[in-house]
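Keep the model open beside the text as you read.

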Amino acid sequence: MISITRGISNILNRIAFAHTSSNASFIRALQTTYVLNCENNESIRADENSTTSDAQRKELTEAELKLKNKDRTQVIPVETSIRYLKSSAYQQTYGNTLIWELYRRNHKGAIPPRKTRKTCVRKGVISTGNPCPICRDEYLVLDYRNLDLLRQFISPQTGEVLSYTKTGLCQKKHLQLLVAVEKAWDYGLLTYDVPFREFDYSEYYGKNVKLKDCDDVTFLIVGGGIAGVSCAETLAICCPEESILLLTESHIIKTIANLEPVARYLHKFEVHQRSLSANDGNGDGRYLSAVIRTLIDKLQYVNGNERFIITRGDRKIRYRYLCLCTGGQPRLISENNSFVLGIRDTDSVLKFQNSLKTANNILLVGNGGIASELAHELKGVNVHWVIKDNHIASTFVDPGAAYFFQQTLEKGQQQNEAKPESFVKRLRYDELKVKDELTNNSAGAALGPDWHQHFRLQGSLKELENYTKPIMYYNCQVSSMVPCEDNGTRYMLVTLSTGQQIKCDFLVSATGVNPRLDFVSEPALDINDDDGGIKVDEMMQTSIPFIYAAGDVCTASWPSTDHWFQMRLWTQARQMGSMAGRSMAAAFNSEKIYQDFCFELFGHVTQLFGYPLVLLGRYNGQGLGTNYELLLRTTPGREYIKFVLQNGRLRGAILIGNTELAETCENLILNGIDLTPFGDDILNPDIDIEDYFD
């Protein structure tokens, strides 16, 4: 019992500072009284029950102490925490080191998760064996008045709050830290430096870009899409002193905004349509870096031997390094037909919007991202959706996820009033009985994510102005189209391969894109025979020296990794454009670089039928043959999760809804962790999967 009371006496050393008196003699008297009381009580209990052993009493007392140490229901005043940081108990515990300096996170695998755990305390009790530096010590209270504690989390070099990846704080405590620091700054308790801002005064006084300034450039980028702008902005960072010219056909360029990480190597972003201020054909990119000049013209001829181009405006521009980002063009089911519209860029969307104002019936052909978004967003018009597959959105998802989306279309909106029941099921490949049609990587779109939010897609039918449920025709294609006229009204009679006939005001062709190569090149570029794209290596370089290509116009000809393949999507357009910019800058500076890590794992973030959608790795078993399993979890109206497992390891995933599993799945795929011991519990809705690998 004496050893136990000594342990309690040590605890009293730590909590004695909370007492109003700081007299050392009073503390020793308090400890002595506690020891004597414990010994007296022990003798009384020994007389009453002599059969109880000392070992049992010791075990009970240690259990109580352990439970008390994990209890976090008691609220510690901030004044007590301030005195604690100046006490001898704090000095004995931490010494002169920062409270987070010796802390180490526990995680499985070689790559730690990008985010720390959500919280260390659940229901008032520490729920993990390795709580973060704040949660493990109940006397560390985050408050704007506790300056000694806040300063430990502020970088002395930059004055910024240190990241949780360095301090190891859980997400809840890190958020409290940010609030406390911001409040301390507002109250003037903590000082910080205001950064010096440099202004480009040419925005106020104007730029006079003359043709002679564009005769010779170091870097020439052709194309104002996502890939071209990403390449130009990367070059502006790597080579800010060199001349950079962006050649674009339209006064509209696409810029990346609100780049937000979803996982370590996966990001979601917005694509903004920016207008260039025209001045005799030359544009001043107000939304681009100051070193990037723009020219509105069209490429007609490329001479790779003498390194110059000729534009449609008869301008000859010499370059040192050229990047072709001309994108793709819609693959229409009928060319030169006024009843057939293709959705590709802003101009085509505006034309579609004007035609929609007087339309009652339209025919939608396609099963990719744009077709799926149109089927969900169109209102005030009867939509006839022709699908060549046996389920919707086959470019991205499997039949199970398609059924999940189809429930949304049938209901007209998501039903979130009652919490549905979740289902978990494991399937072998041969149980699916569905042909894998997702190995075709040629589908894609140039419009950015959520492009439809910037346009009003409304037809002329008032009774359908709130929602239009599409009429779907599966496993069929368009056989013939005949223009007709009835009482001065023109329409088109479409016959399907099943024999059905549909009257429509016009047809929307959303059947993918072809690489756009409407220019002459000498010598000829090496073209891929399958999809017609320009072949590029891992550095995005073509068969002609000093010429690079990125985006929809190119085809990846390097050996792909186990978890990556090419799809013509805006996500990969941004990645390829940035990689091409880095490669051109490295070649100019005679440096050696390696391919970006983003090409190790396929990843795509978008929104489909109102739900967030994340695709990772071989999400539909592409290239895996028949040797894989599927683990599914679905909650109707809320989420759909599919894991593709091969030999017990995660090879791909589909995440629909707010699952918050993107980073966990990314780590599981890259680390190759064997998930066999976890069984079906890896998707158990009652278990937080992050707790397994945090």
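A residue is called buried when its relative accessible area is under 20%, exposed when it is over 50%, and partly exposed in between, with a 1.4 Å probe and protein chains only. This is a predicted model, in which local features need pLDDT of at least 70 and side-chain atom pairs count only at pLDDT 80 or more, while totals for chains, interfaces and linings use all residues. Residues are numbered from 1 along each chain as its sequence is written, and side-chain values use heavy atoms, with hydrogens and water left out.

Let's begin with the whole chain. Of its 694 residues, 48% count as buried. The chain has 15 helices and 32 strands; these are DSSP runs numbered from the N terminus, helices being H or I with at least four residues and strands E with at least two. The protein chain exposes about 34800 Å², and carbon and sulfur atoms supply 47% of that area; accessible areas come from the Shrake-Rupley method with a 1.4 Å probe, and for residues only the protein chains shown count as cover. If we take contacts (heavy atoms within 4.5 Å) between residues at least 6 apart in sequence, 66% of them join residues at least 24 apart.

Now turn to one of the sheets. Strands of a sheet pair through backbone hydrogen bonds, either parallel or antiparallel. Here, an open sheet of 5 strands runs in the order β14-β22-β15-β16-β18, with parallel pairing; two strands pair if DSSP finds at least two bridges between them. Its edge strands, each pairing on one side only, are β14 (340-342) and β18 (471-473).

Next come the charged side chains. Side chains of opposite charge can pair when their charged atoms come close. How many salt bridges does a search of the whole structure find? The search finds 14, a salt bridge being a side-chain nitrogen of Lys or Arg within 4 Å of a carboxyl oxygen of Asp or Glu.

One of them pairs R72 with E138, the closest N and O atoms being 3.5 Å apart. R72 sits in the loop between α3 (54-70) and α4 (78-84) and E138 in the loop between β2 (125-126) and α6 (147-150), so this pair ties together parts that are 66 residues apart in sequence. R72 counts as buried because its relative accessibility is 17%, whereas E138, at 28%, is partly exposed.

Another salt bridge brings together D518 and K298, at 3.5 Å from N to O. Since D518 lies in the loop between β23 (513-515) and β24 (520-522) and K298 in the loop between β9 (292-296) and β10 (299-303), the pair ties together parts 220 residues apart in sequence. D518 has a relative accessible area of 35% and is therefore partly exposed; K298 is buried at 19%.

A further pair is D398 and K642, meeting at 3.3 Å from N to O. D398 is in the loop between β16 (382-386) and α13 (399-411) and K642 in strand β31 (residues 639-646), so parts 244 residues apart in sequence are tied together. Both partners are buried: D398 has a relative accessible area of 10%, and K642 has 2% relative accessibility. Elsewhere, salt bridges that share partners join E249, K298, R516 and D518 into one network.
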